[in-house]
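Subject: Structure handover

Hello,

Please find the structure below, followed by notes on what was found in it. Keep it open while you read.

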Amino acid sequence: MERLYSDRKYIIIVFFLVIGLLYIARLFYVQILVDKYILSANNNVLRYMTQYPARGLVFDRKGKLLVYNEAAYDLMVIPRQVKSPDTAALCELIGIDRQEFTDRLKRARNYSPYRPSIFEAQITRENYGFLEEKLFRFPGFFVQSRTLRKYTYPVAAHTLGYIGEASPEVVAKSSYYRPGDYIGISGIEKSYEEILRGKKGMKIRVVDVFNRDKGSFQEGKYDTTSIAGTDLYASLDADLQAYGEMLMVNKKGSIVAIEPQTGEILCIVSSPSYNPNLLVGNIRKKNYGMLLADSVLVPLFNRAEMASYPPGSTFKLVDALVGQQEGVITSDTRYACGGGFSLGNGKVVACHPHPSPLDLVGAIQVSCNTYFCRVFRAIIDKKSALSVRQSFEGWRKYMLSFGFGRKLGIDLPGELNGNIPTAAYYDKYHGRDRWKSMTIISLGIGQGEIGITPIQLANMAAIISNRGWFYTPHIVRAIGKRDSLNQAFVQKRACGVDPKYFDVVIEGMANVVTGGTARAVQIDSVTMCGKTGTAQNPHGKNHSIFIAFAPRENTKIAISVVVENAGFGAAWAAPIASLMIEKYLKGKVTRKDLEEWMIRGDIIHGITLPDAGRTEHILQD
Amino acid sequence: MREERSIFYKIDWVLVGLYLALVLIGWLNIYAAVYDENYNHIIDLSQKYGKQMIFIVAALLLAMGTLIIDPKFFSQFAYFIYGTFLIMLILVIFGGREISGSKGWFAIGGFGVQPAEFAKMATCLALAKYLSTLDVDIRRFRTLIIASVIILAPAVIVLLQHDTGSAIVFFALIIVLYRAGLTGFVPLAFIVLPVLGILSLLLPKMILAAILLAVAGIFYLYSNRKIRVIIIIAVVFIGSVGFVFSVDYSVNNILEPHQRNRIHVLLGQDTDLKGAGYNVNQSLIAIGSGKFFGKGFLQGTQTKYNFVPEQSTDFIFCTVGEEQGFLGSSLLVILYTSLFVRVLLTAERQRSRFSRFYGYGVASILFFHFAINVGMTLGLVPVIGIPLPFVSYGGSSLWAFTLLLFIFIRQDSYRYDLI
């Protein structure tokens with residue numbers, strides 16, 4: 001009877017076959033067409049353990065260790081593995097509240113449920129020991145060791161810079177950095193980041209469902225070892241730097257010292273400063289906010305390379321050099337000073353009392369305004385064949401080759417161009433061909449639109465001592481090996497003025513110290529050449545400026561000192577420069593009175609020691 | 001007729017070959033699933049693959065024993081065997097051991113034996129016996145009732161043991177009834193109702209009702225519009241709509257929470273990959289990560305490191321998927337499908353109605369296990385914990401499936417002896 005229904009076998013067989021085919025189709029989809037399952041499988045079993053290399057060390061020019069590493073520990077979390085932990089206990093261990101705990105976990109999960117994120121950064125060694133004992137109770141959490149930067153001396157904060165976690169923008173742009181990685185943010189740490197950081201390594205481990213380590217993935221075939229960062233040898237002299245910072249206490253301004261024969265920067269002081277150890281570890285965030293919020297002292301601002309000042313009378317040296325090179329003056333050229341330089345419209349650039357007329361050496365020695373106004377005018381109006389514009393652009397070329405108006409290209413981030421105005425600027429301001437030498441005469445005495453950074457100023461002193469050339473100033477003298485050379489800075493740059501024109505200028509600078517505007521700051525048995533400057537500025541009292549180099553022959557140090565709103569160049573900048581030179585050349589300072597006077601002088605709050613007859617030596621420049 | 005020679009001469013070696021292949025594949029994959037670098041001695045009775053080896057040896061002895069028993073024994077004692085297992089099923093509720101939430105185990109020595117596994121075989125025998133009785137016609141109401149009772153009695157008892165999965169398996173025997181002449185509407189209903197149930201959980205009820213009304217309307221327009229037909233259409237329509245509206249209630253009030261979750265997971269309404277969705281998600285990850293060629297024997301990371309729960313029993317297919325890839329898992333699907341078709345075709349060549357119906361029962365039960373188990377690992381069917389025949393770890397299920405199949409092979413070997 002069921003023979004009647006024997007055809008039904010076909011329906012049943014077709015049904016079996018349809019299910020079989022459906023499953024094979026599903027297998028095809030799950031195994032071949034989509035990739036998400038194999039990715040999830042890898043996420044299940046593979047743990048990528050970053051191997052952080054030790055960051056390169058930084059030494060000073062005498063081989064003193066300036067920056068080193070100290071172990072710190074990050075508490076990491078893999079959100080997917082966190083299993084209803086004893087929240088309260090963990091919160092207590094790391095000192096956060098429950099809300100913070102939930103927030104952090106959520107943030108980590110948003111980044112990735114499978115990858116480790118930093119839960120609490122930079123736990124100290126003591127807390128780490130405590131935490132490690134308890135950590136087995138909290139699945140999903142583990143500790144990863146990292147290194148913190150430490151600074152042997154609390155100096156040169158701006159120059160050494162600091163590191164911090166790479167910002168999301170950096171992480172998005174780079175294939176190297178991952179969230180939580182450290183990156184140099186300022187100073188040497190930033191400009192030499194790729195040398196200092198080394199190369200991260202990666203270990204791939206296999207884990208089971210309980211996150212227990214099951215060994216390396218494919219016998220470590222895909223593992224890479226980390227490569228430690230390269231050490232840097234800074235040209236900085238830590239003692240000189242510390243001394244400079246001490247002298248600049250309670251003053252705004254900067255000191256830059258360069259070794260002229262190499263372009264190596266011996267010290268960069270920017271005051272006010274801060275202790276670099278403040279921006280290390282998990283106190284960094286708080287302290288950084290505090291430093292950033294200080295709008296009066298602006299301690300994070302590196303004045304040495306980021307501030308530009310009118311150079312004032314120090315600029316007269318450049319007039320003297322360019323004037324000679326252009327043939328508008330010789331060392332014997334004399335100009336009479338009638339107490340000022342008349343602009344012809346009733347206005348006068350005033351000058352202070354001094355013998356007159358003077359030759360070039362004498363004019364530098366007493367810093368005669370009239371003399372250098374006339375030199376500048378002669379440069380601009382020299383050749384009747386050329387328009388004022390053309391002459392001005394010729395002058396400007398000299399300025400650029402002196403390293404003004406453009407970044408010098410030092411190896412620190414954030415360097416300022418400074419400002420040497422262009423002809424186009426004056427065209428725009430006064431109208432095309434509506435300006436002449438008299439219009440811009442204040443440039444001749446280093447005032448007006450001109451702006452020069454302290455580094456450029458120190459470099460100018462180096463140029464003069466070298467008689468016409470310089471190496472780009474730099475802070476790192478050797479990379480990796482102490483006696484190697486930083487190959488980025490081996491190109492001599494000429495300033496465009498013939499060496500023969502320098503002797504007369506140097507003679508004048510020597511006289512400035514022996515019997516000129518800075519006669520109070522001589523150093524025993526050292527021939528120091530200097531030039532004072534007093535920069536008028538819209539921010540208050542004049543800036544006290546001094547540039548110098550010493551010894552006169554076979555020069556070891558060229559220096560610029562700027563003390564903001566401190567008055568005459570001879571009053572503060574010149575003594576500080578003199579003390580710095582003494583310290584550097586002799587190793588110690590014998591003029592303790594002068595030293596104390598400078599250290600205890602508080603320009604910021606307007607408090608100085610009793611005069612004691614000192615100011616009578618201070619001459620106007 | 002020389003009996004001694006003919007037994008091994010007449011048995012269906014294709015079926016035996018398929019059986020041995022599946023058992024071997026099963027053992028290899030159990031070995032892979034519990035493989036541990038530290039414990040990899042093949043015969044280690046503390047490990048599942050060591051125990052399974054013993055189960056397999058016992059199963060082969062059982063198979064040989066079955067092949068030498070007089071084939072008439074099974075048809076003559078069909079009701080007796082059935083009755084025995086019904087009693088054991090009841091006894092186990094009171095005297096049994098509870099293993100993973102189900103009270104269906106007898107403890108014999110160190111091993112647990114699950115009568116429910118054997119009850120499937122017994123029910124097949126009884127159903128075949130009843131349907132092969134003279135004057136029985138499934139189109140008659142009385143026959144249908146008795147056949148249903150034979151099928152449902154063990155199912156209900158198993159359900160009382162909280163073993164929903166095993167209980168559902170008995171419904172597979174509807175295929176036997178269908179072959180015996182049951183109207184096609186019943187098996188159709190068994191396919192349509194789950195689909196309708198799933199739709200009712202996914203779509204708004206009123207929209208679904210409107211669709212059903214439209215379908216009824218089409219049937220009405222193409223029917224001969226006799227009163228009887230109209231009534232049937234109306235009853236089916238009202239029944240369907242009633243079903244649609246009762247699904248929510250059933251899911252929320254009749255099913256247990258874990259069963260409800262499994263349905264939500266299947267429908268993609270529950271994406272909690274740590275909770276109810278964990279098994280299926282890990283299962284798909286393991287299978288999906290096998291790609292075309294698989295990771296190789298013992299190379300499956302998901303398998304080796306226990307990411308998939310119940311890896312050696314209900315989710316053994318994941319091991320195949322991960323280590324043998326698309327190639328291996330498709331071959332396994334083809335192997336199973338060949339087995340079912342082979343059993344079916346062999347059943348069709350039986351002269352005895354008992355053997356034929358029994359063969360259909362064997363095919364139905366094996367197929368149902370396969371479809372539910374593999375469908376579950378592939379995320380196509382809710383998680384129902386029943387083993388993959390011959391492959392999953394476990395003594396009871398292996399022995400029961402071996403008996404189930406070899407009784408049929410024995411019947412088949414005897415087909416020429418029937419006049």
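A:Gly394 is part of helix H16 of chain A, which covers residues 388–401. This is a predicted model, so please read every value here as computed from it. A:Glu326 is 68 residues away from A:Gly394 in sequence, yet their C-alpha atoms are 9.7 Å apart in space.

Next, the nonpolar cores. Which residues touch the most other members of the largest nonpolar core? They are A:Trp395 and A:Ile464, in a core of 143 residues. Domain 1 (47–234) and domain 2 (238–617) of chain A each supply at least three residues to this core. Setting aside neighbours within four places in sequence, A:Trp395 is in contact with A:Phe315, A:Val322, A:Phe376, A:Ile379, A:Ile380, A:Ile420 and A:Leu443. There is also a second, separate core of 127 residues, and B:Ile138, B:Ile285, B:Phe315 and B:Val362 are among its members.

On to the domains. Chain A is assigned domain 1 (47–234) and domain 2 (238–617). The centres of these two domains of chain A, taken over C-alpha atoms, are 44 Å apart. Their contact involves 37 residues from domain 1 of chain A and 40 residues from domain 2 of chain A. In chain B, domain 1 consists of two stretches, 3–183 and 273–417, while domain 2 runs over 189–254. Between the centres of the two domains of chain B, again over C-alpha atoms, the separation is 34 Å.

Which residues of H4(A) are buried? They are A:Phe101, A:Arg104, A:Leu105 and A:Ala108. These residues lie on the same side of H4(A), because they cover an arc of only 100 degrees around the axis. An α-helix has 3.6 residues a turn, so residues three or four places apart point the same way. On the other side of H4(A), A:Gln99, A:Lys106, A:Arg107 and A:Asn110 are exposed. The buried residues of H4(A) pack against strand E3 (65–77), helix H3 (87–94), strand E4 (117–123) and strand E5 (141–151) of chain A.

Then the cysteines. How many disulfides does a search of the whole structure find? The count over all chains is 0. For A:Cys267, the nearest cysteine sulfur belongs to A:Cys529 and is 19 Å away. A:Cys267 has 0% relative accessibility and therefore counts as buried. For A:Cys368, the nearest cysteine sulfur is that of A:Cys337, at 3.8 Å. A disulfide needs the two sulfur atoms within 2.5 Å, so A:Cys368 is in no disulfide. A:Cys368 is buried too, because its relative accessibility is 2%.

Last, one residue in chain B. B:Ser166 sits in helix H8 of chain B, residues 164–169. Is B:Ser166 buried or exposed? Its relative accessible area is 4%, so B:Ser166 is buried. Apart from neighbours within four places in sequence, B:Ser166 is in contact with B:Val158 and B:Ile386.

Regards

Methods
Residues numbered from 1 in each chain as written. Chains lettered and ligands numbered in written order. Predicted model: local features only at pLDDT ≥ 70, side-chain atom pairs only at ≥ 80, totals over all residues. Heavy atoms only, no water. Core = buried A, V, L, I, M, F, W, Y, C linked by side-chain atoms within 4.5 Å. Buried < 20%, exposed > 50% of the residue type's maximum accessible area, 1.4 Å probe, protein only. Domains from an automatic or database assignment. Contact = heavy atoms within 4.5 Å. Helix = DSSP H or I, 4+ residues; strand = E, 2+ residues; numbered from the N terminus. Arc of directions from axis to C-beta.
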